[in-house]
Amino acid sequence: MDALHWWRQGDAVTQGAAVVLLAMSVASWVVMLWKARLVLRAGGDVARCMAAVWQSPSLDVAAQRLAALDSQALVAPLVAAAQGVVQPSAASVGTTLAAAGPLSQQLTRVLRDALHGVLGRLQYGQVLLATVGATAPFVGLLGTVWGIYHALTALGGGGQVTIDRLSGPVGEALVMTAAGLAVAIPAVLAYNVFGRLIGRIEADLEGFALDLRELLAGSPPAQREGLEGRELRAPEGANL
């Protein structure tokens, strides 16, 4: 009942600010829950997938293993991109500028593009969290200033100054301040935590893409086609 009374006594500015804060809160919590699920799964999947790739005898086998392990599709796109260069179709050989360059350049290009797509999926929602964390306090501040303005108007309207005349506008200002902080603080904390976790995953994926490029670009054609004589092995210092 008190909340409804506060809502009814507010004007269009107060109600509009409250609706904006509610929309920000809902959007940020949806993104936080989705990203928590994504990041927690991705942290374990990436390590398992990289180990599975380096223990595979060929890219074909590695791709088959990743189909069951890479639930978030973070490592499989890199392997698929490398496969497209190392094992091109007969129709595409020498028919385009992309296929005419040296193997190392082709691998660099396709792995970079695939990596950008994967990192874009990991970073999705970070801008929203940063925006909510930065702007929600100012939206709440707008409601606060507007409530104080109503309180001053009540004081200047003449007549006896009572608690009843001031409690509504002052309470409105305090509620909007608290609402702005309640929306912003979780978003800022989530942005920082997810940013740190995503940074670790990005470093692992970038290292894996570099190791895969170095391995395939330095392999003789016979080994690139099959790689059946030995397992795929990461270069020394690779993160497994």
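**Figure 1. Helix H2 of the predicted model spans residues 12-54.** This helix has 43 residues and extends 61 Å from its first C-alpha to its last. That reach is close to the 63 Å expected at 1.5 Å a residue. At Ala42, H2 bends by about 30°.

**Figure 2. Helix H2 packs against helix H3 (residues 59-69).** Two packed helices are described by the angle between their axes and the distance between the axes. Here the axes of H2 and H3 come within 9 Å and cross at roughly 160°. An angle over 145 degrees counts as roughly antiparallel, and H2 is therefore roughly antiparallel to H3. The crossing of these two helices is right-handed. On the H2 side, the contact is made by Asp45, Arg48, Cys49, Ala52 and Val53; H3 contributes Ala62, Arg65, Leu66 and Leu69. Sorted by class, the contact of H2 with H3 has 6 nonpolar residues, 3 charged residues and no polar ones.

**Figure 3. Helix H4 (residues 76-86) packs with helix H6 (residues 103-123).** The axes of H4 and H6 lie 9 Å apart, at an angle of about 155°. These helices are therefore roughly antiparallel to each other, and their crossing is right-handed.

**Figure 4. Residues of H4 and H6 meet where the two helices are in contact.** From H4, the residues are Pro77, Leu78, Ala81, Ala82, Val85 and Val86. Their partners in H6 are Leu103, Gln106, Leu107, Val110, Leu111, Ala114, Leu115 and Val118. By class, the contact of H4 with H6 has 13 nonpolar residues, 1 polar residue and no charged residues.

Terms used
Residues numbered from 1 in each chain as written. Predicted model: local features only at pLDDT ≥ 70, side-chain atom pairs only at ≥ 80, totals over all residues. Heavy atoms only, no water. Helix = DSSP H or I, 4+ residues; strand = E, 2+ residues; numbered from the N terminus. Expected span 1.5 Å × (residues − 1). Bend = angle between axes of the 7 residues up to and from the residue. Axes fitted to C-alpha atoms, helices over the stretch in contact; angles between N-to-C directions. Parallel < 35°, antiparallel > 145°, perpendicular 65-115°, else oblique. Left-handed = near helix turned anticlockwise from the far one by under 90°. Contact = heavy atoms within 4.5 Å. Nonpolar A, V, L, I, M, F, W, Y, C, P; charged D, E, K, R; others polar.
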